[in-house]
Amino acid sequence: MNTLFDLPADGPAKPRHTDLLDDLNPAQREAVTHAGSPLLVVAGAGSGKTRVLTRRIAYLLAERDVHPGQIMAITFTNKAAAEMRERVSDLVGRRANAMWVSTFHSMCVRILRREAKTLEMSSSFSIYDSDDTKRLITLVARDLDIDPKKYAARTLAVHISNLKNELIDPDTAVADAGNDLERRVAEVYVEYQRRLNQANAFDFDDLIMRTVELLQTFPDVAEYYRRRFRHVLVDEYQDTNHAQYTLIRELVGTETNEHGIEPAELCVVGDADQSIYAFRGATIRNIEEFERDFPNARTVLLEQNYRSTQTILNAANAVIARNPNRRAKRLWTDSGDGEKIVGYVADNEHDEAAFVAGEIDALADKGEADYSDVAVFYRTNNQSRVFEEIFIRLGLPYKVVGGVRFYERREVRDMLAYLRVLANPEDTVSLRRVLNVPKRGIGDRAEAVIATYAERERLSFAQALRGAVNGEIPLLNPRSAKAITGFVELLDELGEVVESGAEVADVLEAVLERTGYRAELEESDDPQDASRVENLTELVTVAREFTEFTAEVAGPDGELPEADPGVPEPGSLPAFLERVSLVADADSIPAADGGEDGDGHDAGVVTLMTVHTAKGLEYPVVFGTGWEDGIFPHMRALGDPAELAEERRLAYVAITRARKRLYVSRSMVRSAWGQPQMNPASRFLDELPAELVDWRRLAPSSSSGGFGSSGGSPRAATTWGSRGGGSTSSRSTSTSPFGKGWKDTVALKLDVGDRVSHDKYGLGTVVACDGAGPRATATIDFGAAGKVRLMLIGSVPMVKL
Ligand SMILES: Nc1ncnc2c1ncn2[C@@H]1O[C@H](COP(=O)(O)OP(=O)(O)OP(=O)(O)O)[C@@H](O)[C@H]1O
Ligand SMILES: [Mg+2]
């Protein structure tokens with residue numbers, strides 16, 4: 001066996017923890033102790049799946065003599081990861097560090113760093129995020145003369161990503177391409193992949209796909225990991241896609257290999273009703289077919305919920321029950337009904353945010369909840385802004401998880417690009433990003449000349465730049481050549497700083513200083529530039545903390561526990577970049593910076609986040625906002641049953657995050673593209689059983705009408721009906737409070753196929769009609785302006801042709 005994890009038992013005698021099973025129910029206990037064959041735990045939200053995983057790891061160590069280094073756990077939340085580590089450290093002390101607890105992406109990065117040479121990459125590779133990917137695809141498409149109006153970079157990127165999630169390599173994509181789009185995509189894919197290799201970079205999807213390739217192509221590599229990881233545990237299995245599923249299968253193996261290595265023990269937990277990543281290729285097939293994929297598998301069902309009140313569970317059950325083709329299951333708890341759900345219909349999004357802020361304050365005043373007990377959910381990141389504005393105004397402490405992320409800001413990306421070039425000189429996307437930043441007289445033309453030269457001579461962009469210094473590029477004018485020489489010298493100088501072993505923060509300081517980047521911002525009059533300087537200061541702080549954190553892990557003697565060849569040297573520049581790249585993948589890792597305990601439960605701070613980000617988490621008080629058709633469910637889903645089912649699962653996730661109190665709200669009017677737009681109630685609101693909801697307000701205040709002041713708003717068409725009442729009813733009855741009081745004054749009657757002319761969007765064709773009376777909407781294809789769904793009530797600025 002490998003010495004890596006065959007360590008002498010150091011420290012005190014290992015404690016035996018039979019009480020590990022005490023606070024589990026019989027089914028959970030079975031899942032924790034099951035041995036000898038693959039295990040699937042399927043259960044609804046809050047039934048203790050994640051707890052089972054954590055406890056199982058503790059049990060493996062305490063009762064089954066497993067070494068931490070033999071365990072690989074894949075989780076989606078920092079909270080679960082931290083809890084696992086903590087439990088394991090309680091049992092075995094610092095040896096806990098030998099356990100791998102990570103997301104799919106960071107696990108793959110660790111493997112790829114270690115095995116890069118096998119794939120003919122260098123272990124200092126860069127990780128391209130979606131923005132880098134789009135930049136590179138734009139460059140490739142331009143070079144291949146692809147019309148960006150016909151095939152936008154974003155579209156090409158989505159298609160390439162889908163291919164990768166299905167593990168289809170470029171050659172196969174070319175061979176299988178059946179139509180013009182597929183041929184174009186395949187063509188771009190081939191060249192894009194070539195350039196990624198040349199730039200010594202992986203994109204996010206590559207991290208998974210290339211690791212699978214590695215394990216499938218090199219049996220000895222696969223065997224190394226199979227020997228090493230005897231236990232693989234996966235949380236949120238319903239959100240794995242084909243590539244991730246294959247990765248797990250390659251890692252654990254399905255049969256004993258020729259060297260007698262048996263498959264590793266696999267334990268996965270999931271809930272088909274919480275599958276919310278279909279757009280990234282996730283498929284519940286992986287849960288449904290588990291027993292077929294892994295012979296002799298055992299399945300354990302958990303039914304009791306320990307998180308929420310029965311009221312919240314009844315709401316969740318009622319909503320998810322509307323989805324077709326699901327296995328019926330009902331969540332129950334013995335903790336009682338608890339409070340009713342509170343509903344609120346706001347005039348507009350500002351009113352909605354004010355309601356939320358007011359409630360939070362009231363709960364805090366009454367001592368019923370701390371700020372940190374509260375989470376506010378919305379469907380898409382851009383919805384956070386109104387909440388932020390009002391929270392700032394009221395001095396309510398909050399934190400946005402995800403959102404316009406720190407690491408996506410221009411100045412932060414610029415600095416990271418410099419660091420990436422220093423760590424990996426072949427990183428073309430980063431190099432071209434900073435080539436003329438700050439401006440140093442290397443214009444677009446010079447860049448194009450170098451790119452063409454590189455292409456012709458089959459050199460990397462970095463090599464071509466050096467060629468320019470030596471005067472090898474005739475088309476380059478002397479002024480540009482001189483500027484390039486200065487730039488190359490600057491990079492060499494900064495390279496020496498890195499070589500000298502300086503801390504990452506000091507390298508960063510050197511870059512800010514010597515490139516003149518900071519000076520340029522400081523001299524600017526633009527107030528935005530002042531905040532850019534602040535962000536850069538913050539980045540230096542992040543780097544500083546990173547080094548300190550590494551020192552802490554290393555202990556006072558500077559010795560690190562269990563050095564692992566898959567990990568860049570702790571504290572080094574590549575280690576820093578790796579952490580940043582993966583943190584920036586915020587869909588899977590909520591914590592975007594230091595200073596929080598990992599799951600967003602900051603001390604004394606309200607958490608704002610999208611429902612996607614909230615997966616796996618729980619809060620005593622949850623506000624579900626923007627429950628409007630077209631917002632949640634998302635506009636995109638309205639005409640598509642599969643997407644609608646996914647949105648409903650998202651609603652189920654949102655509801656089941658709440659432990660004690662749940663609020664749902666919507667607003668009558670919300671501005672979109674600077675225009676007030678009427679939004680009908682979310683159908684998910686109608687699906688909540690009436691007796692569970694206490695409607696604080698059913699209709700907007702009549703004075704404001706909530707429509708803002710712009711003309712063209714459907715004010716004239718509305719009369720508001722009675723308030724209160726508090727009873728909701730199903731969609732089929734016309735007295736639903738969400739439509740209550742609307743007069744059926746439909747201005748336009750449209751059918752699919754009708755041609756229309758809209759004041760703002762121009763000519764279009766109706767592709768779908770939904771709802772009747774006040775809920776009537778039409779989805780209209782306006783060609784270049786895209787598909788838009790419009791309410792047909794009131795004075796619509798549109799005529800039928
Ligand atoms: N047997 C139990 N006794 C008491 N509390 C429990 C028990 N099992 C789980 N819990 C608690 O119930 C809550 C939900 O558990 P957990 O987060 O593990 O559920 P989950 O199935 O992973 O939920 P999700 O589907 O949302 O990921 C947690 O606070 C957990 O500590
Ligand atoms: Mg969980």
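The legends below describe close-up views of a predicted model.

**View 1. Crossing of helices α6 and α8 in the predicted model.** The axes of helix α6, which spans residues 153–165, and helix α8, which spans residues 180–198, come within 10 Å and cross at roughly 75 degrees. That angle makes α6 roughly perpendicular to α8, because angles of 65 to 115 degrees count as such. On the α6 side the contact is made by Leu 156, His 159, Ile 160 and Leu 163, and on the α8 side by Val 185, Val 188, Tyr 189 and Tyr 192. Sorted by class, this contact has 7 nonpolar residues, 1 polar residue and no charged residues.

View 2. Most peptide bonds are trans.

**View 3. Positive phi at Glu 120 and Arg 458.** Most residues other than glycine have a negative phi. Glu 120, although not a glycine, has a positive phi of about 60 degrees, and it lies in the loop between α4 (104–115) and β4 (126–128). Arg 458, also not a glycine, has a positive phi of about 55 degrees and is placed in the loop between α19 and α20 (461–469). Glu 120 counts as exposed because it has 8 C-beta neighbours inside 10 Å, and Arg 458 counts as exposed with 8 such neighbours inside 10 Å.

Key: Residues are numbered from 1 along each chain as its sequence is written. Chains are lettered from A and ligands numbered from 1 in the order in which they are written. This is a predicted model: local features need pLDDT of at least 70, side-chain atom pairs count only at pLDDT 80 or more; totals for chains, interfaces and linings use all residues. Axes are lines fitted to C-alpha atoms, for helices over the stretch in contact, and angles run from 0 to 180 degrees between N-to-C directions. Helices (H or I, at least four residues) and strands (E, at least two) are DSSP runs, numbered from the N terminus. Angles under 35 degrees count as roughly parallel, over 145 as roughly antiparallel, 65 to 115 as roughly perpendicular and the rest as oblique. Two residues are in contact if their C-beta atoms, placed from the backbone, lie within 7 Å. Ala, Val, Leu, Ile, Met, Phe, Trp, Tyr, Cys and Pro count as nonpolar, Asp, Glu, Lys and Arg as charged, and the others, Gly among them, as polar. A residue is buried if 20 or more other C-beta atoms lie within 10 Å of its own, exposed if 12 or fewer, and partly exposed in between; C-beta atoms are placed from the backbone.
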